[in-house]
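Hello,

Here is the structure for your files. My notes on it follow below.

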Amino acid sequence: MQNFFHYSVEFLPILLRGVKLTIAVTVGSLVLSTLLGMVWALMRVSGVRTLDLIARCVINFLRGVPIIVQLFVIYFVLPELGISLSALNAAIFGLGIAYSAYQAENFRAGIQAIDRGQLEAAQSIGMRHTMTMRRVILPQAFRIALPPYGNTMIMMLKDSSQASTITVAELAMQGKLIATSTFQNATVFTLVAALYLVMCIPLFLLVGRMEKKLGSGRR
């Protein structure tokens, strides 16, 4: 136990540098996946068959190809086509695009769960479709989609470790490097697991608080 605390003091500053990159990848990919996911979801519920078909194909493709392969394509293949991204940007784009498919399904389910009568009532008082979606449908859909959205956010935080496969020195990569050089596997990966848990706990609390607040707002 004494050795554990001794090595923890030595290793933590290095691991915390990895935490910063983990948070950067997670936040960046969360924003991108949310925006793209909303686009795919709106295309799915647009009622336009062509848009629906395009969105279906994109979502199924992104869900069917492993995230690590998508990261490899963005980081290693795109430069051959003249598009070069830094490892960090490639990780953000890769995770953001991959998870947009899951976000799209979260949002689509939320939108389709709204009673169609509300849409018809809004149209009957002269609200345009865009305003109806923004003022009536989407706020309620967000409440419904919040639990799966929160779960997706936590999954993204953990899957940010896949950025290590394209040389992003995030938390998992830093832990692997330290363990390889010091052979203190138990200490290093206990610390890595603890740091991931510490990052996840605020997300658990945030989602729970938002669910409670939005739930009370409906009463």
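The side chains of R44 and D52 are joined by a polar contact of 2.7 Å (a pair of N or O atoms within 3.5 Å; within protein, one must be able to donate a hydrogen and the other to accept it, and residues adjacent in sequence count only if both atoms are side-chain atoms). This is a predicted model, in which local features need pLDDT of at least 70 and side-chain atom pairs count only at pLDDT 80 or more, while totals for chains, interfaces and linings use all residues. Residues are numbered from 1 along each chain as its sequence is written, and side-chain values use heavy atoms, with hydrogens and water left out.

R44 lies in helix 1, residues 2-44 (helices are DSSP runs of H or I, at least four residues, numbered from the N terminus). R44 counts as buried because its relative accessibility is 14% (buried is under 20% relative accessible area, exposed over 50%, partly exposed in between; 1.4 Å probe, protein chains only). Not counting residues up to four places away in sequence, R44 touches D52, A55, R56, I59, E105 and R108 (contact means heavy atoms within 4.5 Å).

The largest nonpolar core has 37 residues, and L15, V168 and L171 have the most contacts inside it (a core is a set of buried Ala, Val, Leu, Ile, Met, Phe, Trp, Tyr and Cys residues joined through side-chain atoms within 4.5 Å). Helix 8 gives the most to this core, with nine residues. Leaving aside neighbours within four places in sequence, V168 is in contact with residues including L21, V25 and M173.

Regards

Technical notes:
Helix = DSSP H or I, 4+ residues; strand = E, 2+ residues; numbered from the N terminus.
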